[in-house]
Amino acid sequence: MGFDEMDVDTIWMDGEFVDWDEAQVHVLTHGLHYGSGVFEGARCYDTENGPAIFRWEEHLERLFHSAKPYDMDIDFTKEELTEATKELIQRQDLESCYIRPIAFYGYNSLGVSPKDCPTKTAIAVWPWGAYLGEEALEEGIEVMISSWRKHASSQIPTNAKTTGLYVNSMLAGEEARRNGYAEAIVLNKEGHVAEGPGENLFLVRDGEIYTPGLSESILDGITRDTVIELAEDLGYTVHDNVSISRGELHTADELFFTGSAAEVTPIRKVDNVVVGDGSRGPITEDIQSTFFDVVERKTDEYDEWFEYV
C-alpha cells in the first residue's frame with residue numbers, strides 16, 4: 001500500500017505539525033546527497049490499554065547514539081520527541097502504526113563537510129502491517145545469500161542506524177527479489193553471517209539459540225535484544241556473541257529474522273535449501289507467540305517496555 005492510499009495527513013517537522021504533502025526539503029539538502037542522516041523504526045501496538053509504543057526509550061537512545069559519530073546535534077530533547085510522537089499518533093487517530101523519526105543534515109552548503117548545515121528533525125507515523133507479509137509470519141520466507149557484503153565497522157560505524165548505509169541493504173534486498181526470494185542474508189567481509197537487509201538473524205540448533213555478535217558488523221537490534229531476553233525467560237540457552245558460517249544456515253534446525261518491521265519472521269529456505277522441515281519451527285513459534293503476546297499486552301509482564309499514547 002502506498003502512502004497515498006493511507007489515511008494519514010500530518011508529519012511533525014522541527015517542532016511543527018505540517019500537512020503531509022508540505023513536508024518537504026530543498027533539493028540541495030546535504031542528507032540527500034551524502035546520506036548524512038540517522039533514523040529509527042518503531043512500532044505502536046493496539047493494546048487493551050490503548051495504543052502503546054514498544055521500547056520507545058531504547059529507540060530514542062539509539063537515535064541519539066547514532067548521531068554521535070557524525071557530530072550531529074539533534075535540537076530536540078527525548079521528551080520533546082516523545083510528546084511530538086504521541087500527539088502525532090493522536091491527531092491521526094491511529095491505534096497501531098509504524099513510527100519513523102529521522103534527523104539529517106539540511107540545506108546550506110554542499111561540500112562534503114556538513115559543518116555549515118543545520119540539523120533537521122522529522123517524525124512520521126503510518127499504518128503498516130507485517131513487513132514481509134502476514135503469510136510470512138506463519139509459513140516463513142525463502143531467502144538467498146546476497147553477493148553483496150556488509151560493510152565493516154572499521155569502514156563505517158555499524159552500530160549507528162545511518163540513512164546512507166541502507167544503500168547496502170537495498171542492493172542486497174533487490175538482488176534477492178529479482179531472483180524470486182523474499183529477502184536476503186548478508187555476509188560480512190570475513191564471510192560470516194551478518195544479518196538481513198533490515199533484520200537480525202537467529203539460528204536454532206539442538207534446542208539452543210545462536211545469533212551473530214555485535215563484532216560481526218551487525219546493527220544492535222532492539223527486537224534482537226527483546227528476543228534474547230524473552231527466549232532466556234522461556235528457558236532457552238541463547239548464544240548472542242557468536243560467528244555463524246554460511247554453511248551452518250543450511251544445516252540449522254530453524255532460522256528466523258527479527259526487527260521492528262519484520263517482528264519475528266521464520267525462514268523456511270536458504271538458497272533453495274530447506275531449513276529444518278521447511279516450516280516454522282517449534283522454538284521459533286514459541287518465541288514468536290510470546291513476542292506477540294507481549295506487544296499486544298496479553299501478559300502483564302514487561303510493562304516497562306511500553307510508552308502509552
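Domain bounds, as used here, come from an automatic or database domain assignment. In this predicted model, the lining of the second largest pocket draws at least three residues from each of domain 1 (3–126) and domain 2 (134–296). The volume of this pocket is about 340 Å³, and 21 residues line it, with Glu 134, Leu 137, Glu 263, Phe 292 and Glu 296 lying nearest its centre. Two or more lining residues are contributed by each of strand E4 (42–47), strand E6 (97–105), helix H4 (134–139) and helix H8 (282–295). By residue class, the lining of the second largest pocket comprises nine nonpolar, four polar and eight charged residues.

A helix pair was also examined. Two packed helices are described by the angle between their axes and the distance between the axes. Helix H2 (residues 56–67) packs with helix H3 (residues 78–91) at an angle of about 125°, their axes being 11 Å apart, and H2 is therefore oblique to H3. The crossing that H2 and H3 form is right-handed.

Terms used:
Residues numbered from 1 in each chain as written. Predicted model: local features only at pLDDT ≥ 70, side-chain atom pairs only at ≥ 80, totals over all residues. Heavy atoms only, no water. 1 Å grid on protein atoms, 1.4 Å probe; cavity = no way out; pocket = protein on both sides within 12 Å on 5 of 7 lines; lining within 4 Å. Points joined across faces, edges and corners; volume = space filled by probe spheres on them. Helix = DSSP H or I, 4+ residues; strand = E, 2+ residues; numbered from the N terminus. Nonpolar A, V, L, I, M, F, W, Y, C, P; charged D, E, K, R; others polar. Axes fitted to C-alpha atoms, helices over the stretch in contact; angles between N-to-C directions. Parallel < 35°, antiparallel > 145°, perpendicular 65-115°, else oblique. Left-handed = near helix turned anticlockwise from the far one by under 90°.
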